[in-house]
Amino acid sequence: MTVYIDPPTWPGHGRMWSHLVSDVSFEELHAFAAAVGCPPKAFERDHYDVPEHRYADAVAAGAVEIGSKELVRRLTGAGLRRPKGRPA
């Protein structure tokens, strides 16, 4: 199981956010997210939004830290990328 997280550099709603993804399956991603306490509403198309204060928790649970560009590359390579404006 490999789940990845990028640095919390994405602003929104008065805080910074990270993205949590899997390069294997959405089932793997949902299971990991539930285990670290991400609510289902934090899932957006192909990733979970993780607030900066929960970043260390995700890493401690096994999420691998990678840069944002590498995260998108792995997600795309796995065929799991669902960009805005395209059907799921």
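A: Tyr48 touches Ser18, His19, Leu20, Leu29, His30, Ala33, Cys38, Pro39, Pro40, Ala42 and Phe43, leaving aside residues up to four places away in sequence; a contact here means heavy atoms within 4.5 Å. The model is predicted, so local features need pLDDT of at least 70 and side-chain atom pairs count only at pLDDT 80 or more, while totals for chains, interfaces and linings use all residues. Residues are numbered from 1 along each chain as its sequence is written, and side-chain values use heavy atoms, without hydrogens and water.

Tyr48 is also among the residues with the most contacts inside the largest nonpolar core, together with Ile5, Leu20, Leu29, Phe32, Cys38 and Ala63. That core has 21 residues. A nonpolar core is a set of buried Ala, Val, Leu, Ile, Met, Phe, Trp, Tyr and Cys residues joined through side-chain atoms within 4.5 Å; buried means under 20% relative accessible area, exposed over 50%, and partly exposed in between, with a 1.4 Å probe and protein chains only. Two or more residues come from each of strand 1 (3-5), strand 3 (15-22), helix 1 (26-35), strand 5 (47-51), helix 2 (55-60) and helix 3 (68-77). Helix 1 gives the most, with four residues. Helices (H or I, at least four residues) and strands (E, at least two) are DSSP runs numbered from the N terminus.

Arg45 lies in the loop between strand 4 (43-44) and strand 5. Its phi is near 60 degrees, a positive value in a residue other than glycine. Most residues other than glycine have a negative phi. Arg45 is partly exposed, at 27% relative accessibility.
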